[in-house]
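Colleague: I have a new model open and would like to learn to read it. Can we go through it feature by feature?

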Amino acid sequence: MTRLRSNIIWLSVANAVCHLVSYRQLSKAKGPGSTGVLAFVGINAGLAFATAKDVVWAQWPGITLPAIGGLGLFATKLVKGEGKAIDYTIFAIDVATVWMWWSRMNGSE
């Protein structure tokens, strides 16, 4: 396993953990969208597993889902100034994940 691939796996696991923390905060506050945040826990865990198994098709969900999630988080929370520390952490992990997947897809391994 290459270092880039293992970093992608760890970032996906960290992203799942951060989404779990965000879900717990939203469910305590009875906030909207907590179920959608919980879905990202499963998505990131699945991406980590598929990347660890070196599944070929995992690269496209691996690059598009964090890109869409990061863009959605940026547009709904961060631009409005309503983001919490966990939101900024998730956004940074999303950006790093997309960059690493892009590097892996372009042969930087």
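This is a predicted model: local features need pLDDT of at least 70, side-chain atom pairs count only at pLDDT 80 or more; totals for chains, interfaces and linings use all residues.

Colleague: Which residues take a positive phi just after helix 1 and just after helix 4?

Modeller: After helix 1, look at Lys-30, with a positive phi of about 55°. After helix 4, look at Gly-107, with a positive phi of about 80°.

Colleague: On to the helices. How do I check the length of helix 2?

Modeller: Count residues, then compare the expected span with the distance between the end C-alpha atoms. Helix 2 has 19 residues and should span 27 Å at 1.5 Å a residue. Its end C-alpha atoms lie 28 Å apart, which agrees. Helix 1 has 26 residues and reaches 37 Å from first C-alpha to last, close to the 38 Å expected. Helix 4 has 21 residues, so it should span 30 Å, and its end C-alpha atoms are 30 Å apart.

Colleague: Which residues of helix 2 are buried?

Modeller: First the general idea. An α-helix has 3.6 residues a turn, so residues three or four places apart point the same way. In helix 2, the buried residues include Ser-34, Val-37, Val-41, Asn-44, Leu-47, Ala-48 and Thr-51. Ala-50 is buried too. Their cover includes helix 1, helix 3 and helix 4.

Colleague: What about Gly-36?

Modeller: Gly-36 also sits in helix 2. With a relative accessible area of 37%, Gly-36 is partly exposed. Gly-36 and Lys-53 are 17 residues apart in sequence and 26 Å apart in space, C-alpha to C-alpha.

Colleague: Which residues of helix 4 are buried, and what do they pack against?

Modeller: Among them are Ile-86, Asp-87, Ile-90, Ile-93, Asp-94 and Thr-97. Further along, Met-100, Trp-101, Ser-103 and Arg-104 are buried as well. The buried residues of helix 4 pack against helix 1, helix 2 and helix 3.

Colleague: Now aromatic rings. How many aromatic pairs does the count give?

Modeller: A pair of aromatic rings is described by the distance of the centres and the angle of the planes. The count here is 1 aromatic pair. The rings are those of Phe-74 and Phe-91, with centres 5.6 Å apart and planes at 25°, so the pair is stacked. The cut-off for stacked is planes under 30 degrees apart.

Colleague: Which parts does the pair tie together?

Modeller: Phe-74 lies in helix 3 (residues 59–78) and Phe-91 in helix 4 (residues 85–105), so the pair ties together parts 17 residues apart in sequence.

Colleague: How accessible are Phe-74 and Phe-91?

Modeller: Phe-74 is partly exposed at 39% relative accessibility. Phe-91 is partly exposed too, with a relative accessible area of 25%.

Colleague: What else does Phe-74 touch?

Modeller: Leaving out residues up to four places away in sequence, Phe-74 touches Val-79 as well as Phe-91. The C-alpha atoms of Phe-74 and Gly-33 are separated by 15 Å, and the two residues are 41 residues apart along the chain.

Colleague: Last, the pockets. How much space lies in the largest pocket?

Modeller: Rolling a probe the size of a water molecule over the atoms shows where empty space is left. The largest pocket holds about 490 Å³. It is lined by 27 residues, and the closest to its centre are Ser-22, Val-37, Leu-73, Lys-77 and Asp-87.

Colleague: Which elements give two or more residues to that lining?

Modeller: Helix 1, helix 2, helix 3 and helix 4. Helix 3 gives the largest share, 8 residues. By class, the lining has 12 nonpolar, 10 polar and 5 charged residues.

Methods. Residues are numbered from 1 along each chain as its sequence is written. Side-chain values use heavy atoms; hydrogens and water are left out. Rings of Phe, Tyr and Trp (its six-membered ring) pair if their centres lie within 6.5 Å; planes under 30 degrees apart count as stacked, over 60 as edge-to-face and the rest as tilted. Helices (H or I, at least four residues) and strands (E, at least two) are DSSP runs, numbered from the N terminus. Buried means under 20% relative accessible area, exposed over 50%, partly exposed in between (1.4 Å probe, protein chains only). On a 1 Å grid over the protein atoms alone, a cavity is a set of points where a 1.4 Å probe fits but cannot get out, and a pocket is an open set with protein on both sides within 12 Å along at least five of seven lines; lining residues have an atom within 4 Å of a point. Grid points are joined across faces, edges and corners, and a volume is the space filled by probe spheres set on the points. Ala, Val, Leu, Ile, Met, Phe, Trp, Tyr, Cys and Pro count as nonpolar, Asp, Glu, Lys and Arg as charged, and the others, Gly among them, as polar. The expected span of a helix is 1.5 Å times one less than its number of residues. Contact means heavy atoms within 4.5 Å.
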